[in-house]
Amino acid sequence: MSIEILNESGVDLDVRRLSALSRFVMDELRVHPQAELCIKAVDEDTIAELNQRWMEKEGPTDVLAFPMDELRPGKVTEEPQEGVLGDLVLCPDVADRQGIEAGHGRDAEIELLTVHGILHLLGYDHAEPEEHAEMFGLQGTLLEQWRTSNGQSADPAQ
């Protein structure tokens with residue numbers, strides 16, 4: 001798997017941990033081992049610009065997902081499809097505020113947003129109640145498995 005992380009945010013990030021989390025999620029969802037993912041951390045002005053340009057929404061947001069080859073999670077009975085998963089753009093400053101509000105801090109929020117963004121790249125959405133339940137349920141399960149496998153509490157606030 002090729003996971004490239006570019007930090008242009010001006011905020012110190014643990015890029016090794018972010019890469020390991022991304023690899024964990026992609027492995028769990030049976031994404032092809034040759035798939036490519038790029039994660040870019042940017043400042044609020046940059047993400048606001050991208051949000052306006054691509055989503056036609058005002059102001060900064062937490063994460064934007066730009067799928068490339070429309071890869072989907074692999075099935076146990078099939079070989080996963082090879083290709084470029086896509087690009088994630090994260091804003092650590094927005095994640096910092098959201099993490100404080102949620103009571104678990106910036107790093108846990110960035111982990112959550114990374115998993116959330118990868119799920120979007122794999123075709124998951126949360127516009128409809130059923131989609132929301134499926135996506136957020138899977139997101140929670142993946143985060144819990146990741147944290148448990150790394151010797152952390154499943155609840156990042158602890």
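A residue counts as buried when its relative accessible area is under 20%, and as exposed when that area is over 50%. The model shown above is predicted. With those cut-offs in hand, start with helix 5.

In helix 5, the buried residues are Met135, Gln139, Leu142, Leu143, Trp146 and Arg147. Viewed along the axis of helix 5, they fall within an arc of 125°, so they line one face of the helix. A general rule of helix geometry is at work here. An α-helix has 3.6 residues a turn, so residues three or four places apart point the same way. The face turned away from the buried side of helix 5 carries exposed residues: Pro129, Glu130, Ala133 and Thr148. What lies over the buried residues? The cover of helix 5's buried residues includes helix 1 and helix 4.

Now check the length of helix 5. Helix 5 runs over residues 129–149, which is 21 residues. From first C-alpha to last, helix 5 reaches 30 Å, close to the 30 Å expected at 1.5 Å a residue. Just after helix 5 comes Gly151, with a positive phi of about 70°.

His116 is found in helix 4. Is His116 buried or exposed? His116 counts as buried, because its relative accessibility is 10% and the cut-off for buried is under 20%. Leaving aside residues up to four places away in sequence, His116 touches Val63, His126, Met135, Phe136 and Gln139. Met135 and Gln139 are among the buried residues of helix 5.

Next, the largest pocket. About 360 Å³ of space lies in this pocket. It is lined by 15 residues, and the closest to its centre are Thr61, Asp62, Val63, His120 and His126. Which elements build the lining? Helix 2, strand 3 and helix 4 (105–121) each supply at least two residues of the lining. Helix 4 gives the largest share, five residues.

Turn to helix 2, one of those contributors. Helix 2 spans residues 44–55, 12 residues in total. At 1.5 Å a residue, helix 2 should span 16 Å, and its end C-alpha atoms are 15 Å apart, which agrees. The buried residues of helix 2 are Ile47, Ala48 and Asn51. They cover an arc of only 105° around the axis, so they sit on the same side of helix 2. On the other side of helix 2, Asp45, Glu49, Arg53 and Trp54 are exposed. Strand 3 (63–67) and strand 4 (84–90) are included in what covers the buried residues of helix 2.

Both ends of helix 2 have a feature to look at. At its start, a side-chain oxygen of Asp43 reaches to within 3.3 Å of the backbone nitrogen of Asp45. After helix 2 comes Glu56, whose phi is positive, near 55°.

Helix 3 (residues 92–102) repeats the two-sided pattern. Its buried residues are Pro92, Val94, Ala95 and Gly99. Their arc around the axis is only 150°, which puts them on the same side of helix 3. Ile100 and Glu101 are exposed on the other side of helix 3. What do the buried residues of helix 3 pack against? They pack against strand 2 (36–41), helix 2, strand 4 and helix 4. Gly103 follows helix 3, with a positive phi near 85°.

Gly10 lies in the loop between strand 1 (2–7) and helix 1 (15–28). Gly10 is exposed, because its relative accessible area is 78% and the cut-off for exposed is over 50%. Gly10 and Val76 are 66 residues apart along the chain, and their C-alpha atoms are separated by 41 Å.

Two further loop residues have a positive phi without being glycine. Arg30, in the loop between helix 1 and strand 2, has a phi of about 55°. At 30% relative accessibility, Arg30 counts as partly exposed. Glu70, in the loop between strand 3 and strand 4, has a phi near 50°. Glu70 is exposed, with a relative accessible area of 55%.

Definitions and conventions:
Residues are numbered from 1 along each chain as its sequence is written. This is a predicted model: local features need pLDDT of at least 70, side-chain atom pairs count only at pLDDT 80 or more; totals for chains, interfaces and linings use all residues. Side-chain values use heavy atoms; hydrogens and water are left out. Helices (H or I, at least four residues) and strands (E, at least two) are DSSP runs, numbered from the N terminus. The expected span of a helix is 1.5 Å times one less than its number of residues. Buried means under 20% relative accessible area, exposed over 50%, partly exposed in between (1.4 Å probe, protein chains only). The arc is that of the directions from the helix axis to the C-beta atoms. Contact means heavy atoms within 4.5 Å. A polar contact is a pair of N or O atoms within 3.5 Å; within protein, one must be able to donate a hydrogen and the other to accept it, and residues adjacent in sequence count only if both atoms are side-chain atoms. On a 1 Å grid over the protein atoms alone, a cavity is a set of points where a 1.4 Å probe fits but cannot get out, and a pocket is an open set with protein on both sides within 12 Å along at least five of seven lines; lining residues have an atom within 4 Å of a point. Grid points are joined across faces, edges and corners, and a volume is the space filled by probe spheres set on the points.
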